[in-house]
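Morning, everyone. I'll take you through one model today, starting with its charged pairs. Have the structure open, please.

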Amino acid sequence: MGFGVLFFGYFVMFAFSLSTMYFFADIIGSVITAYAFTKIAQYNRYYNTATVFALLFLLFSAVKAADLMFDIYPDGYISLAVNMLRLVSAAVMHIFMFLGARGIALGAGAAKLPKNAERNMVMTLLYYASYAVITNITINDEVLDGYLNMMLLLYFLVCFILNLVFIYRCYAVLAPADEDITERKPSRFKLINKIDAKMDEIEKSKQEYRKESVRLALEEADRMAREKKKHYKQPKKRKK
């Protein structure tokens, strides 16, 4: 469907945003993410709009990267405008990504995914709003400024992890109507296949443990029943 590609693209797009070294991860990730959106768009039209804003994010990221390498414009209003346009593009992209996933999940009858999509959308938008406010106000207190930035960082990590988990659940749960969902198809990404294999191994171990526990419990119950039956069948001695 495209959620496996989206998982990888989204990770690359945002996982390295806090790195002190820049190596075009946001540009590479936005290309992969936009491609994933075009694949999912055949199941929900919201992803057409999400694709547009992923490409806008790509454009403004490229402009920012060019400035980092060639210093094409001075710091000031132009730099602020590019950063804000990049921020808005990412926020709107998330809105349509979650709305599209919610629509697909409702159509597929997935119970928890629609609510998770709404929750993640609100949390992510709150992050972008907080980022826009905190990074564009002047705080004279260094301690308070450091505290706010640390809280913003932690909140970003929470949103990022929840969004990755949500995308992976879409990949695992949602499938086209003509696809056999009882048979899991391997992903083209080794990371996802390793996660699937590990989860299958854990689930298999749990099932074997449950079966063994049930077998031992039944054997013990049967033994106790035989002992009880044997006790009742013993003849009582008559008193002389």
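First, a definition: a salt bridge here is a side-chain nitrogen of Lys or Arg within 4 Å of a carboxyl oxygen of Asp or Glu. Now the ground rules. This is a predicted model, where local features need pLDDT of at least 70, side-chain atom pairs count only at pLDDT 80 or more, and totals for chains, interfaces and linings use all residues. Residues are numbered from 1 along each chain as its sequence is written, and side-chain values use heavy atoms, with hydrogens and water left out.

In general, side chains of opposite charge can pair when their charged atoms come close.

Take Arg102 and Glu118. Their closest N and O atoms are 2.6 Å apart. Arg102 sits in helix H4 and Glu118 in helix H5, so this bridge ties together parts 16 residues apart in sequence. Helices, by the way, are DSSP runs of H or I with at least four residues; strands are runs of E with at least two; numbering goes from the N terminus. Buried or exposed? For that, buried means under 20% relative accessible area, exposed over 50%, and partly exposed in between, with a 1.4 Å probe and protein chains only. Arg102 is partly exposed at 30%. Glu118 is partly exposed too, at 35%.

Next pair: Asp26 and Arg86. The N to O distance is 3.0 Å. Asp26 is in helix H2 and Arg86 in helix H4, so the link spans 60 residues in sequence. Asp26 counts as buried, at 8% relative accessibility. Arg86 is buried as well, at 18%.

What touches both of these? Look at Ser61, in helix H3. Ser61 is buried, with a relative accessible area of 0%. Contact means heavy atoms within 4.5 Å. Leaving out residues up to four places away in sequence, Ser61 touches Tyr22, Asp26, Ile27 and Arg86.

Now zoom out. The chain has seven helices and zero strands. Of its 240 residues, 33% count as buried. Among contacts between residues at least 6 apart in sequence, 71% join residues at least 24 apart.

On to the core. A nonpolar core is a set of buried Ala, Val, Leu, Ile, Met, Phe, Trp, Tyr and Cys residues joined through side-chain atoms within 4.5 Å. The largest one has 44 residues. Those with the most contacts inside it are Phe3, Leu6, Phe14, Phe37, Tyr47, Met97 and Leu174. Helices H1 (3-15), H2 (25-40), H3 (46-70), H4 (77-108), H5 (113-134) and H6 (142-173) each give two or more residues to this core. Take Leu174. Beyond neighbours within four places in sequence, its contacts include Met1, Phe3, Ile104 and Leu113.

Which residues line the largest cavity? Among them are Tyr10, Phe14, His94, Thr124, Phe156 and Asn163. A cavity is a set of points, on a 1 Å grid over the protein atoms alone, where a 1.4 Å probe fits but cannot get out; lining residues have an atom within 4 Å of a point. H6 gives the most to this lining, with four residues.

Definitions and conventions. 1 Å grid on protein atoms, 1.4 Å probe; cavity = no way out; pocket = protein on both sides within 12 Å on 5 of 7 lines; lining within 4 Å.
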